[in-house]
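This report describes a sheet and the helix packing around it. The structure is shown first, and the description follows.

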Amino acid sequence: MHELAITQSMFEIVLQQAEQAHAKKVTKINLVIGAMTGVVSDSVQFYLDFMTKDTIAENASVSFKTVPAQARCRNCNQTFNLEEFNWTCPHCQGNIIDVIAGKELFVESIEVE
Amino acid sequence: MEIKILKNILGANDRIAAKNRELLDAHKIFAVNIMASPGAGKTSVVLQTIRALQDGVRIGVIEGDISSSIDAELVAKQDVPVVQINTGGECHLEAVQVQDALNNLPLAEIDLLLIENVGNLVCPAEFTLGEHLKVLIASVPEGDDKPFKYPLMFNTVDALVLNKIDLLPYVKFNVDGFTKTVKNINAKAEIFKVSCTTGEGITTWAKWLNSRMGKPLKKRITST
């Protein structure tokens with residue numbers, strides 16, 4: 001359900017940047033979304049289709065680049081991908097870790113005409 | 001033509017949260033964002049915390065719910081200022097709603113602001129409100145597997161209060177395993193075990209919270 005608020009914020013950024021560039025049309029929106037954010041891309045697309053109606057971003061396609069959740073082990077300092085039910089370091093079995101990727105949520109770029 | 005942007009989608013919320021933080025700091029108010037799934041006992045922990053600290057700390061409360069003012073009415077009975085936010089469908093509080101609520105609270109008369117978020121383990125983790133401390137209330141009947149299912153929430157918080165420990169004899173819940181998992185996902189999280197029904201563990205939690213406020217308290221105003 002937080003996709004509505006997220007899509008709204010994202011759409012504001014897109015419109016603002018497109019206007020600054022004096023763009024006539026936004027054709028593509030490139031988003032980067034971390035796996036841990038729980039943002040459902042289908043929901044973002046669904047809300048965006050409503051919001052962009054009668055704007056310069058109408059019919060713009062959206063690309064979602066998903067960043068896998070990654071952690072660094074505090075014991076051996078190695079990095080590894082976080083699996084759903086395994087938050088233990090596969091290198092040394094250490095179990096104190098820091099999440100270093102997977103919380104991203106930003107607009108990377110837009111393509112305009 | 002491609003335009004590089006690299007802008008945080010939640011930047012607008014973060015900016016308002018920073019303003020909230022400035023306002024809170026200007027009034028020397030310590031704010032706590034209390035999050036949990038529905039029914040974990042957020043309001044009960046708020047009420048118990050008020051009872052435990054009310055003699056030395058002036059407390060204010062913001063209640064976030066999708067609808068109704070049931071919680072705010074419960075809190076108001078404790079004789080503390082309270083504002084109810086109804087999100088009308090949104091599953092989390094946002095900084096702008098807290099900004100409105102702050103405008104409706106007697107800030108000069110508050111040392112500790114407890115913000116009860118909407119019951120949800122997903123969305124509130126994303127939206128910072130300007131708080132100094134994020135606290136998650138988990139509860140025994142929810143099961144001990146929740147840290148794996150909602151890692152962002154468990155990874156985000158400063159403290160975790162495990163509520164309803166009076167139910168441990170009746171529910172399959174591995175406290176040691178749960179604690180280990182939480183520490184694994186979030187090494188910095190302080191963990192407290194409480195029961196709002198029996199009052200067990202509340203004093204330890206309230207004392208820690210009070211110590212985290214870390215500022216000399218304003219003199220308590222007693223009504224004349």
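## Helix packing in chain A

In this predicted model, helix α1(A) passes α2(A) in a right-handed crossing. Helix α1 of chain A covers residues 3-20, and its axis lies 9 Å from that of α2(A), at an angle of about 55°. With that angle, α1(A) is oblique to α2(A).

The residues that α1(A) brings to this contact are A:Glu3, A:Leu4, A:Ile6, A:Thr7 and A:Phe11. They meet A:Ser43, A:Val44, A:Tyr47, A:Leu48 and A:Met51 of α2(A). Sorted by class, the contact of these two helices has 7 nonpolar, 2 polar and 1 charged residues.

## A sheet with strands from chains A and B

The sheet is open and has 4 strands, in the order β2(A)-β1(A)-β6(A)-β1(B), with mixed pairing. Its edges are formed by β2 (61-67) of chain A and β1 (2-8) of chain B; each has a single partner strand, so one side of each is left without a neighbour in the sheet. From one strand to the next, the twist averages 20°.

## Pairing within chain A

Strand β1 (residues 26-34) of chain A runs antiparallel to strand β6 (residues 105-112) of chain A, and 7 bridges join them. Within this pairing, A:Leu31 has A:Val107 as its bridge partner in β6(A), while A:Val32 is partnered by A:Phe106. In a regular strand, side chains alternate between the two faces of the sheet.

The pairing of β1(A) with β2(A) is parallel and extends over 7 bridges. Here A:Asn30 has A:Ser63 of β2(A) as its bridge partner.

## Pairing and contact between the chains

Which strand of chain B pairs with β6(A), and in what sense? The partner is β1(B), which runs antiparallel to β6(A) and is joined to it by 5 bridges. One position in this pairing is A:Val107, which stands opposite B:Lys7 in β1(B). A:Val107 is also the bridge partner of A:Leu31.

The contact between the chains takes 30 residues from chain A and 26 residues from chain B. On the side of chain B that touches chain A, the elements giving two or more residues are β1, α1 (11-26), α6 (151-156) and α7 (175-185) of chain B. Of these, β1(B) gives the most, with 7 residues. By class, this side of chain B has 15 nonpolar, 5 polar and 6 charged residues.

## Helix packing in chain B

Helix α1(B), one of the elements that touch chain A, also packs within its own chain. Its partner there is helix α4 (residues 95-103) of chain B, at an angle of about 30° and with the axes 8 Å apart. At that angle, α1(B) is roughly parallel to α4(B). The crossing of these two helices is left-handed.

On the α1(B) side, the contact is made by B:Asn13, B:Ile16, B:Ala17, B:Lys19, B:Asn20 and B:Leu23. On the α4(B) side, B:Ala95, B:Val96, B:Val98, B:Gln99 and B:Leu102 take part. The contact of α1(B) with α4(B) has 7 nonpolar, 3 polar and 1 charged residues.

Terms used. Residues numbered from 1 in each chain as written. Chains lettered and ligands numbered in written order. Predicted model: local features only at pLDDT ≥ 70, side-chain atom pairs only at ≥ 80, totals over all residues. Pairing = 2+ DSSP bridges. Axes fitted to C-alpha atoms, helices over the stretch in contact; angles between N-to-C directions. Contact = placed C-beta atoms within 7 Å. Nonpolar A, V, L, I, M, F, W, Y, C, P; charged D, E, K, R; others polar. Parallel < 35°, antiparallel > 145°, perpendicular 65-115°, else oblique. Left-handed = near helix turned anticlockwise from the far one by under 90°.
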